Amino acid sequence: MATNGGAGIIQPGIFEDLQKKIDEDTAVKDALRDIVQNLEKQDRAAQSALSRAHSTTTANMPTVIKAASDHIASEIETVQQLSKVASQHPYYRFNYAWSRQMESVCFSILLCGWLGGFGKTEAGQLLTIEEVGQILQIPVNVKDRDTFHLTIEEYLLSLISLLDELSRLARNSVTLGDYRRPLQISQFIKDVHAGFQILNLKNDSLRKRSDGIKYKVKEVEDVVYDLSLRGLLPKDQ
Amino acid sequence: MSGNKNKDTEISSSSSPFMPMFEHFRAELDEHHDRRERIIKASRDVTAASKKIIRTLSQPLPAQVTKSNTPYHETIKTQLSSVAKDLQGLNAHRYARQISGGCQEFMEAALFSHYLTTGTLLSYESAAEELKALGVGLSVEDYILGVYDFTGEVMRFAITAMATSGALPAVESSNEGEMEVEGERRTVLDDLRVLRTVLEGFNAGGGPFGKDCEKKMDVMRASVEKVERTLYGLVVRGAERPKGWMPDADAARPVEVEG
């Protein structure tokens, strides 16, 4: 059999060129990974600061918000860095590299905002996707150009995380003697739940996670029921 | 059913302050899902048409090939053109996973057809150009995965040829600069071995592409060995057997020529 050293079927250089293209992609992925890992670290710190909300009374909440906001400020810087690098490449080619972390950052911001951060004068407010985009200084739901942005899916998934966290906060507020907050949370979760119900979701992660909202609605309703049964709800309700 | 559900919800939740926001999200997500489904359907149709092309190509009577495959090429052209506008700009990579199957299968058909007519491997650039004319981008990944699948077709082609003609098919290449070895013809097996060497030397990196390559690598290696084993049977026992006897590639498992 003749083995003619690679000539014949393959024109020389074909696979070398392809290898170069794949290697370039790998280099981009590595650069993105470093930034995303940094973001992940910063977000852990932010969420750790935010988790103190569960053991903090409403009066002392500003200190929690302040601590979380400081961590979020450094996250914003990293997101800027990520946006700069990522925008040099097609957005959806690499978005799997940061999607989960961006969702997590968005959740920290939503929770901090709900507690009364980001210029919200009172607790219980939902930051819109546009407001989150302004805080992160990135565009949202971009359709007409190929650049780094926050997607609707990322926002909605982080909104579900917020509901999970709030259902926990409803119970812990009662422990702290705050009987008003569960009512506020109950109404908020019901309102968001109503919103999710009009979405036509396919069998994807958004569908799976949003299916769990109804249990959160019930959990908080149970807390409110326990309070009302014992006459503990605030009188003005 | 879902329409009724939506209506009920809207009535009962008209007090939710978030409804306008979610109505906007619904419109955006519906648009995305519709686009995604269009692409998946087109990808499936391209895959089916490509499979038919491959099947026709593996049959003898090459003269008929071009003519009988025309409708399938038309199908591919129509399908890809129909989703081309869904795959532009930002969305070019958004639905890569949905269109990938069709692209890979089409690559397999294009590579096989090109090999049968020219004896060479269709280059990425030429293949990408062909798809670009239809408005669809070809990723390096889909091309490489197509090459893996193409080796399987070459294997089936070689074994069918050995079974029917009793010899390994020779290849006449149109490539420039090929070393002509006196008295030795280049065969399909030589080409398979070259492809095997090149694919084994290719570093796909980590991630989903690396995993896909790993899986296809085993299949590709088995294909080359199937041809080697069949040739061995032909060389060792072929001379003793009467004309028309077909060697087994694998005594335990019959070779699936048509699969």
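At roughly what angle do the axes of α1(A) and helix α7 of chain B cross? The first legend answers this.

**View 1. Helix α1 of chain A meets helix α7 (residues 140-165) of chain B.** The axes come within 10 Å and cross at roughly 135°. That makes α1(A) oblique to α7(B) (angles under 35 degrees count as roughly parallel, over 145 as roughly antiparallel, 65 to 115 as roughly perpendicular, the rest as oblique). Axes are lines fitted to C-alpha atoms, for helices over the stretch in contact, and angles run from 0 to 180 degrees between N-to-C directions. Helices are DSSP runs (H or I, at least four residues), numbered from the N terminus. The model is predicted: local features need pLDDT of at least 70, side-chain atom pairs count only at pLDDT 80 or more, and totals for chains, interfaces and linings use all residues. Residues are numbered from 1 along each chain as its sequence is written, chains are lettered from A and ligands numbered from 1 in the order written, and side-chain values use heavy atoms, without hydrogens and water.

**View 2. Residues at the crossing of α1(A) and α7(B).** From α1(A) come I14(A), F15(A), L18(A), K21(A), I22(A) and D25(A). They meet V140(B), E141(B), Y143(B), I144(B) and V147(B) of α7(B). Contact means heavy atoms within 4.5 Å. Eight of the contact residues are nonpolar, none polar and three charged (Ala, Val, Leu, Ile, Met, Phe, Trp, Tyr, Cys and Pro count as nonpolar; Asp, Glu, Lys and Arg as charged; the others, Gly among them, as polar).

**View 3. Helices α1 (residues 14-50) and α2 (residues 61-86) pack within chain A.** Their angle is about 165°, with the axes 8 Å apart. α1(A) is therefore roughly antiparallel to α2(A). Their contact has 16 nonpolar, six polar and two charged residues.

**View 4. Helices α2 (residues 19-58) and α5 (residues 96-118) pack within chain B.** The angle is about 20°, and the axes lie 7 Å apart. α2(B) is therefore roughly parallel to α5(B). Contact residues include I39(B) and I40(B) of α2(B), and F106(B) and F112(B) of α5(B). By class, 11 are nonpolar, eight polar and four charged.

**View 5. Chain A against chain B.** The contact takes 49 residues from chain A and 58 residues from chain B. About 4900 Å² is buried, 67% of it from carbon and sulfur atoms. Buried area is the accessible area (1.4 Å probe) that two parts lose on being put together, summed over both. In chain A, I9(A), Y92(A) and I198(A) lose the most area to chain B, together 17% of what that side buries.

**View 6. A salt bridge joins K143(A) and E28(B).** The closest N and O atoms are 3.1 Å apart. A salt bridge is a side-chain nitrogen of Lys or Arg within 4 Å of a carboxyl oxygen of Asp or Glu. The rule finds five salt bridges across this interface of chain A and chain B.

Notes
Helices (H or I, at least four residues) and strands (E, at least two) are DSSP runs, numbered from the N terminus.
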